[in-house]
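Student: I have a chain open on my screen and would like to go through its fold. Can we take it piece by piece?

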Amino acid sequence: MGYVGTFRELVGLGRFELGGKGYGLVEMSAIGLPVPPGIIIKTDACKEYYKNGGKIPQGLFEEVIQKLRAVEVEVGRKFGDPKNPLLLSVRSGAPYSMPGMMDTILNLGLNDQTVKGLAEMSSDERFAYDSYRRLIQMFGKVAMGVEGGKFEAIFERYKEKLGVKHDIDIPVEALKQIVEEFKALIKKEKGVDFPQDPATQLKMAIESVFKSWNNPRAIEYRKYYRIPDDLGTAVNIQMMVFGNIGEKSGSGVGFTRNPATGEKKLYGEYLAKSQGEDVVAGIRTPQPIETLDPDIRRQLEEVAEKLEKHFRDMQDFEFTVENGKLYMLQTRNGKRTAQAAIKIAVDMVDEGLIKPEEAIQRIDPLELNQLLHRRLDPKAKVNPIAKGLNASPGAASGKVVFDTEEAAELGAKGEKVILVRPETTPEDIKGLIAAQGVLTSRGGMTSHAAVVARGMGKPAVVGCESIKIYMEDEYFKTSEGVVVRKGDVITIDGGSGLVILGEVPTVEPELTAEFKRLLAMADSMRRLGVRANADTPEAAAKAREFGAEGIGLCRTERMFNAPNRLPIVREMIMAEDEEGRRKALDKLLPFQLEDFKEIFRVMKGLPVTVRLLDLPLHEFLPPAEQLLREMMERGNASSAEEMQERTRILRKVQQLQEHNPMLGHRGCRLAIRYPEIYEMQTRAIMTAAISVLEEEGETAEIQIMLPLVSEANELIFLRRVIENTAEAVFQKLGRRIKYKIGTMIETPRAALTASEIARHADFFSFGTNDLTQTTFGFSRDDAEAKFMANYLENKILQANPFETLDTKGVGRLVRTATVEGREANPRLEVGICGEHGGDPASIKFFHEAGLNYVSCSPYRIPIARLAAAQAAIAKLEKAPITI
């Protein structure tokens, strides 16, 4: 088979050959749904186009014309025939859904002659010229590169002149004039005429679809969703059916279930006397699907049931009704909120459509972030200024911005913005990515803004017709006369559709019953344990609520930085001898004791891994530049004692300064020089654990972790310090508890000498943040600020190694240390507590490497639980079958 086939010929091929849209058309046709006939140019042709430096593969167009003959015979019309013309839609179709990112041309084949034939065939001259002006407008923009706004300006001028609000109210004579003005615009802008030859139109349309694979918005979309750049797009060429032909015609978009909630009920919108692009573009606000003719709605319900049985997933479909007859134009797995995805997956298990393992694999772990979106505080008094359609859940506040580029710029600087537009188009993708949420005055629940926001998990309020947007002057006005200008802060609630002036307090989300069931399914399938990185009782409680099985990293330096402790820490640093340091540490002991008691109380019965002080001491002192500036500014206003004290601190800061603090006097190195620091922390940990045990009858399982060990003798030395201190506490309190001592593995030398270190450790925990820095020789802050974006753009690295583990380099060290550590100490427990512990791709690697657990921030716990289950299922599927 060549590059092109009819729907019947292509049955059995998959999405990567046919693209998602083509695959859906072929499958719908095969199960007997009413699909207009057509042909598909496979994705291989697009790949060849780029391989040839942007040249159409040899013989492709001849193959297209040959395959079109079968369509002509089937429908009894001929492409280019002036009296009985076959008109075509030419659409893109990537293997992964990329709604609106690539190009479509409808009504292809119309020209000054065939438009008359169409008028005669349909007995509706207005419909024929409406279709013709649509073709010229689309073709001129997509295939010829004329700025789309220039067509819109002509069109709006005619609407204003005629005093009409909607496109459908423009009479035929005006449409004929618009057609001529559109053609004149193309001639003026491009120096050539709009092509009257249907074959030339088709050639140019096919190439336009190929080119759209690499347009800026498509590239931006693939980058955001991590879709490979080399997949290419198919081209779907299909007989046109017309939703704009009469009163009993129209176009719509439907979902077999509610994409926002997951409710099993036909959901969608319909726009009478329209073509499909009108619905998703938000040009007019459509009506709910419930308003459709009852017979068509019944047919759609039957179609929805067939689609779900066949594809075994919720479907997003496009349809057209032409003079009362239903046609299906597209189906794909529907984009949905995380809440809907979970409900649909769990419900489909209950309905017997899919197995629990498949339900687990269908959910993108990162999309669970959507369920952790904050919502408006029910106690907050809000005065909405407008209400639109609640298109994508969650609440967001930010400064109003009307320009997409400005939204992207402000978002890159960390500013929170709400993108406000009449409607969004695929060109707005950068602004949508950067914004906290989106508000539009037009469009429906299936408009571009709604679909993209739901896919990204961002709040969206669309079709807010009670606001009028003045784009040039950058403000909007509500029907009540409230004016909101660029830079003003608003809050949008995508759950209710409310728009509120100012910032409104929000509260934590509540997890649904389906969400808890899905995680329970995941827990039954995963092998990896999931713990939390938590330094406060509040964080520990939140982690436990989300299902954490303990704390894998409790950082103690953050406790030192609290305002009521920092002066004591500085007193300890400034001490001239051990006695002075111990006096200061004795003052810190009660604070540390209370810190640990609260955390151990929350985590009783579960392991808590406490990392002893890691930061270099100069981190707790003011920077030298700040001290010098203060001394110069205060000058004579300072007393002699104040100047003397500042001078003493400055001298200590200069003494402690290091050329490379990350590799300097920190972690275990600091404790070997000043063991009294770890002694105090050990006393606090053991005393707190015993105190909770006596008060609650149960305490946490204590694990003490030493940072930055690179040499076994460092661990031997400090293990002795901890054990002696713990024993002294036990003797004093007359009670003892079990505890473990282990180390972080965060340098290549530690990983490579793991067999020696493991003999003296009860556990390893990979600190993959520092291990990545020391393996690459990167400073994370400098790398991400100066060259990481360039590395990713030029594909030097496939992913940021501080977000997704570098499995070839850092991962090899992890595997080596795990294997050799366990060979030396079979009872060795191995975990990871870097940020990679919450990244699904990294979790898959940690499962395969045989680690015992991952540890991540509390809000990533559900993500890690699901990702760990997916990793276990994937490994089982790869396992050889034994008989």
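Predicted model: local features only at pLDDT ≥ 70, side-chain atom pairs only at ≥ 80, totals over all residues.

Student: How many helices and strands does the protein chain have?

Tutor: The protein chain has 34 helices and 31 strands. Along the principal axes, its C-alpha atoms fill a box of roughly 105 × 80 × 50 Å.

Student: And what percentage of the residues is buried?

Tutor: Of the 883 residues in the protein chain, 56% are buried. As for contacts with a separation of 6 or more, 70% of them involve residues 24 or more positions apart.

Student: Sheets next. What is the strand order in the open sheet of 5 strands?

Tutor: The order is S1-S2-S5-S3-S4, and the pairing is antiparallel. Strand S1 (4-6) and strand S4 (104-108) are the edges, each pairing on one side only. On average, neighbouring strands of this sheet are turned by 20° against each other, direction ignored.

Student: How many bridges are there between S3 and S5?

Tutor: Strand S3 (residues 88-93) and strand S5 (residues 234-239) pair over 6 bridges, in the antiparallel sense. Within that pair, Ser 89 stands opposite Gln 238 in S5.

Student: Which strands does helix H1 lie across?

Tutor: Helix H1 (residues 15-30) lies across strand S2 (38-41), S3 and S5. H1 runs at about 35° to S5.

Student: There is also an open sheet of 3 strands. What is its order?

Tutor: That sheet has the order S18-S19-S20, with antiparallel pairing. Its edge strands are S18 (467-470) and S20 (483-485), each of which pairs on one side only. Strand S19 (residues 475-478) is joined to S20 by 3 bridges, and Phe 476 stands opposite Val 484 in S20.

Student: Let me switch to Ile 492. Which strand is it in?

Tutor: Ile 492 is in strand S21 (residues 489-493).

Student: Buried or exposed?

Tutor: Ile 492 counts as buried because its relative accessibility is 0%, and the cut-off for buried is under 20%. S21 as a whole is mostly covered, with 4 of its 5 residues buried.

Student: Which strands pair with S21?

Tutor: Strand S14 (residues 395-401) and S21 pair in the antiparallel sense over 5 bridges. In that pairing Ile 492 is the bridge partner of Ala 396. S21 is also joined to strand S22 (residues 498-501) by 4 bridges, again antiparallel, and there Ile 490 stands opposite Leu 501.

Student: What about the hairpin of S21 and S22?

Tutor: That hairpin has 4 residues between the strands, and Gly 497 takes a positive phi near 85°.

Student: New topic, helix packing. At what angle do H29 and H32 cross?

Tutor: The axes of helix H29 (residues 768-776) and helix H32 (residues 810-824) cross at roughly 115° and come within 10 Å. The crossing is right-handed.

Student: Which residues meet there?

Tutor: From H29, Leu 771, Thr 772, Thr 775 and Phe 776 meet Val 810, Leu 813 and Val 814 of H32. The residues of this contact divide into 5 nonpolar, 2 polar and no charged.

Student: What is Ile 237 in contact with?

Tutor: Beyond its neighbours within four places in sequence, the contacts of Ile 237 include Ile 39, Ile 41, Val 64, Leu 68, Leu 88, Val 90, Leu 202 and Ile 206. Ser 89, mentioned above as standing opposite Gln 238, is also among the contacts of Ile 237.

Methods. Residues numbered from 1 in each chain as written. Heavy atoms only, no water. Pairing = 2+ DSSP bridges. Helix = DSSP H or I, 4+ residues; strand = E, 2+ residues; numbered from the N terminus. Axes fitted to C-alpha atoms, helices over the stretch in contact; angles between N-to-C directions. Contact = heavy atoms within 4.5 Å. Buried < 20%, exposed > 50% of the residue type's maximum accessible area, 1.4 Å probe, protein only. Left-handed = near helix turned anticlockwise from the far one by under 90°. Nonpolar A, V, L, I, M, F, W, Y, C, P; charged D, E, K, R; others polar.
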